[in-house]
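Student: I am new to this one and would like to go through it step by step. Could we look at it together?

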Amino acid sequence: MQHRPVSLALALTLVLPLAAATVAQAQDLSPNGVKTLAPEGGIQPTATWALGTRAGDFVFVAGMRGIDAASNTLVQGDEARVRKAFGNMQMIAASEGASLRDAVRLVVYTTDMYRYRPIVNAVQKELWGDGPYPPRTIIEVDRLNQDDIVEVEGTFYAPVGR
Amino acid sequence: MQHRPVSLALALTLVLPLAAATVAQAQDLSPNGVKTLAPEGGIQPTATWALGTRAGDFVFVAGMRGIDAASNTLVQGDEARVRKAFGNMQMIAASEGASLRDAVRLVVYTTDMYRYRPIVNAVQKELWGDGPYPPRTIIEVDRLNQDDIVEVEGTFYAPVGR
Amino acid sequence: MQHRPVSLALALTLVLPLAAATVAQAQDLSPNGVKTLAPEGGIQPTATWALGTRAGDFVFVAGMRGIDAASNTLVQGDEARVRKAFGNMQMIAASEGASLRDAVRLVVYTTDMYRYRPIVNAVQKELWGDGPYPPRTIIEVDRLNQDDIVEVEGTFYAPVGR
């Protein structure tokens, strides 16, 4: 079996710029490299949660509701509020290079299936056009935070370096 | 016709089907490469959602209920319906090369924990045998679409090129 | 700076035990390579589910509740029980090299938003300190298994070979 020399200097040349970049981002990154998302103009989390994360090629957005980022209050009007919930999700995904079309799954939570599901469908039609749409799970729950009506949780795909 | 070292006609014969296939698939892919799933024989989504997606090595299936694809109506009988819900999920995952054993997570939504959880357990035993089973979260919700009794949402792993 | 030769034999010495470990674990793997998690000291699943899976770089933990692994019974006291739910999740994630900080998303299910959400916030503050916190979706549902009060489902990032 032959011994093949590998230059340590060469190895360091390749590795050091990577290390520098890693240090620069380190404050936003978890030990395993999860990036916490806080895009400019986004709503302000009021408790122990963040708007989203990137891990590898995937972007995970927290359940979004129809909160206006400027006033940090709920938008008035059912359809306008649902539109804003999707818009908040879209904005966070976009900050990592994912469009609505790059959603891999949505989970929609609503407090009234018969009343709000049609509104969700209408808003999605507006935003996704004739599709394709992402797979969606929609359920009626007892209550959302702030007694809200609809919350949407999206997962997105945005390969690194694409 | 002139003799040319490589026949343009032959080259086109080889290349065109590939190009056509690429074009055909391109419309199914999102900008970032998310593939929308619509396997032959699957149920027909009636609103703004798709059956599933593939993104990288993962397959995301929408919440599935016990709908018969042939008639697009709910299967009668609680156990038969739950079995069909899991079967619909299984079929979509299989279309991307993932078996039930390759599930990485299930979320089961039911409208009656005491009544339907035992049925879900029985159906899973039937389908997964003695296991291992995937991690599962099961919750009782207020209402499912069409006032259904059980919905199952599965995520699967199917590495590309495996 | 000296050039230091790296021996192929040494490289193999480092790599071969890893290959052996991979073979040893093969029986826990699905056809596509999903690893079922059953860390020592974890709670015992009582039905058709497992504590978690690893697939590629991600770790998926089943919805965890405040069950004490030693007695396999629910912990008494709301805050203690919620703390235990998070602790159970943490322990499973840690078995695959993911810390709480490496969570990419949490979904919290509770049977009383007004009563238990503040407790969840307090426990998360205890565990994550001043953050960053993972994205979180919190919903009030009708019922959890065993009529429990809070269940938390976590997804984690733990790149292979990191």
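Student: To begin with, which residue of chain B forms a salt bridge with R105(A)?
Tutor: The partner is E153(B), and the closest N and O atoms of the two residues are 3.7 Å apart. Please keep in mind that this is a predicted model. The rule finds two salt bridges across the interface of chain B and chain A.

Student: How is the size of an interface often given?
Tutor: It is often stated as the accessible area that is lost when the parts come together. For chain B and chain A, the buried area is about 2,700 Å², and carbon and sulfur atoms give 51% of it. Within chain B, the residues that lose the most area to chain A are N32(B), T48(B) and R143(B), together 27% of what that side buries.

Student: R143(B) again, then. Which residue is its bridge partner?
Tutor: In β8(B), R143(B) is the bridge partner of E140(A). The strands concerned are β7 (residues 136–140) of chain A and β8(B), which pair in the antiparallel sense over two bridges.

Student: Changing topic: what rotation superposes chain B on chain A?
Tutor: A rotation of 120° does so, with 0.0 Å of shift along its axis and an RMSD of 0.1 Å. That is the relation of a three-fold axis. The copies use different surfaces, since 12% of the contact residues of chain B recur in chain A.

Student: Which residue of chain B comes closest to that axis?
Tutor: V141(B) does, with its C-alpha at 3.1 Å from the rotation axis.

Student: Now the sheets. What is the strand order in the one that begins with β1(B)?
Tutor: The order is β1(B)-β2(B)-β3(B)-β9(B)-β6(B)-β7(B)-β8(C), an open sheet of seven strands with mixed pairing. At the edges stand β1 (35–37) of chain B and β8 (143–144) of chain C; each has a single partner strand, so one side of each is left without a neighbour in the sheet.

Student: Do β6 and β7 of chain B run parallel or antiparallel?
Tutor: They run parallel, and five bridges join β6 (residues 103–110) to β7 (residues 136–140) of chain B. Along this pair, L106(B) stands opposite R136(B) in β7(B).

Student: What about β2 and β3 of chain C, parallel or antiparallel?
Tutor: Those strands, residues 52–55 and 58–61 of chain C, run antiparallel and are joined by four bridges. G52(C) has V61(C) in β3(C) as its bridge partner.

Student: Back to salt bridges: how many are there over all chains?
Tutor: The count comes to 33. One of them joins the side chains of R65(A) and D148(A), at 3.0 Å from N to O. R65(A) is in the loop between β3 and β4 of chain A and D148(A) in the loop between β8 and β9, so the pair ties together parts that are 83 residues apart in sequence.

Key. Residues numbered from 1 in each chain as written. Chains lettered and ligands numbered in written order. Predicted model: local features only at pLDDT ≥ 70, side-chain atom pairs only at ≥ 80, totals over all residues. Heavy atoms only, no water. Buried area = accessible area lost by both parts, 1.4 Å probe. Salt bridge = Lys/Arg side-chain N within 4 Å of Asp/Glu carboxyl O. Pairing = 2+ DSSP bridges. Least-squares fit on C-alpha atoms with pLDDT ≥ 70 in both. Contact = heavy atoms within 4.5 Å.
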